[in-house]
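Let's take a walk through this structure together. Please have the sequence and the 3D view open as you read.

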Amino acid sequence: MEIRKFYKLYKLTKMRGKPWTREEMILAFNLYLKLPFGKINARNSEIIELAQIINRSPSSVALRLVNYASCDPLLESRGIKGMIGGKKQCQPFWDEFANNREILFFESECILAEKQNQTIENKFKSILLEIRDLEGETKIREMKTRINQNVFRQIVLANYSGKCAITNIDIPDLLFASHIIPWSINKDERLNPENGICLSALCDKAFDKGLIGFNNKLQVVLSPQLKKNSTKEYYTKYFLSLENIKLTRPQKYSPNLQFLEWHLDCIFQK
């Protein structure tokens with residue numbers, strides 16, 4: 001029994017001192033983006049799962065994520081500093097990928113799939129069915145796009161605790177990671193969590209078509225075009241109660257006010 005305890009202690013000590021590889025740092029960064037700061041702890045199931053995959057302790061993974069928090073300007077703006085002891089190791093990865101999420105998301109998911117002993121195609125089989133007959137560069141490009149969109153959705157839904165930011169609907173199949181600036185218009189902001197809001201199906205479509213918007217107080221604004229239907233039953237039932245509702249406070253990434261202003265100027269149906 002004493003031998004087992006000694007071996008366990010030795011193994012934990014060895015893991016703590018083991019240098020982090022590039023792949024491990026990328027996987028930790030990927031998970032950091034997906035988790036609210038308040039849920040970064042060794043008891044979190046997602047942290048435990050990553051720890052098992054990379055053969056480290058949950059405490060070690062949690063600490064690395066808090067190190068990444070020290071590089072995060074969003075947290076810094078809120079007065080949260082993270083754990084600066086490991087900032088030196090994390091900052092190069094933050095700088096490399098923070099402004100090129102398309103590379104980070106796809107590369108990290110490929111690494112994760114390999115660590116889980118499966119192919120990236122098999123892991124994301126359900127969202128890649130429509131492109132299974134494509135070939136070459138076209139298939140790779142489409143595969144990257146769909147996987148990156150999936151990761152973006154994970155981040156946005158987690159940011160709003162898996163609930164619509166307006167109605168609090170929490171059925172995953174009815175939730176969308178709605179882009180403030182559409183995917184097709186601004187390549188640089190496609191995967192920016194500040195460009196996403198978790199909305200239920202009806203709210204997502206109304207926002208996408210400019211029938212609703214959000215002001216600088218993060219309150220719902222109904223368009224004049226939508227208000228033309230104010231005498232109809234569905235307007236009273238589905239839209240009237242939404243006016244002036246304030247978006248649910250996100251866990252980490254608040255909607256960018258400049259993006260919301262752009263939406264009011266360019267998409268909102270005045």
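**Rings, cores and a buried strand**

Tyr-235 is buried, with a relative accessible area of 4%; buried means under 20% relative accessible area, exposed over 50% and partly exposed in between, using a 1.4 Å probe and protein chains only. Before going further, a note on the model: it is predicted, so local features need pLDDT of at least 70 and side-chain atom pairs count only at pLDDT 80 or more, while totals for chains, interfaces and linings use all residues. Residues are numbered from 1 along each chain as its sequence is written, and side-chain values use heavy atoms, with hydrogens and water left out.

Helices (H or I, at least four residues) and strands (E, at least two) are DSSP runs, numbered from the N terminus. Phe-239 is buried too, at a relative accessible area of 8%.

How many aromatic pairs does a search of the whole structure find? The search finds six. Here, rings of Phe, Tyr and Trp (its six-membered ring) pair if their centres lie within 6.5 Å; planes under 30 degrees apart count as stacked, over 60 as edge-to-face and the rest as tilted. Tyr-32 and Tyr-68 make a tilted pair, with 6.4 Å from centre to centre and 35° between the planes. This pair links distant parts of the chain, since Tyr-32 sits in helix H2 and Tyr-68 in helix H4 (residues 58–69), 36 residues apart. Tyr-32 is buried, with a relative accessible area of 0%, and Tyr-68 is buried with a relative accessible area of 0%. The rings of Tyr-235 and Phe-239 have centres 6.5 Å apart and planes at 35°, so that pair is tilted.

Together with Phe-29, Tyr-68 and Trp-94, Tyr-32 forms one aromatic cluster. Lys-252 lies over the face of Tyr-32, at 3.8 Å from the ring centre; a charge sits over a ring if NZ of Lys or CZ of Arg is within 6 Å of the ring centre and within 35 degrees of the ring normal. Elsewhere, Arg-64 lies over the face of Trp-20, at 4.8 Å from the ring centre.

Tyr-32 also belongs to the largest nonpolar core, which has 66 residues; Tyr-32, Leu-65, Tyr-68, Ile-166, Ile-197 and Phe-214 touch the most other members. A nonpolar core is a set of buried Ala, Val, Leu, Ile, Met, Phe, Trp, Tyr and Cys residues joined through side-chain atoms within 4.5 Å. Helix H2 (residues 22–34) gives the largest share of this core, eight residues.

Strand S1 (residues 175–179) pairs with S2 in the antiparallel sense over five bridges, where pairing requires at least two DSSP bridges between the strands. Within this pairing, Leu-175 stands opposite Ser-200.

Finally, look at Ile-84, in the loop between helix H5 (73–77) and helix H6 (87–97). Ile-84 is exposed, with a relative accessible area of 60%.
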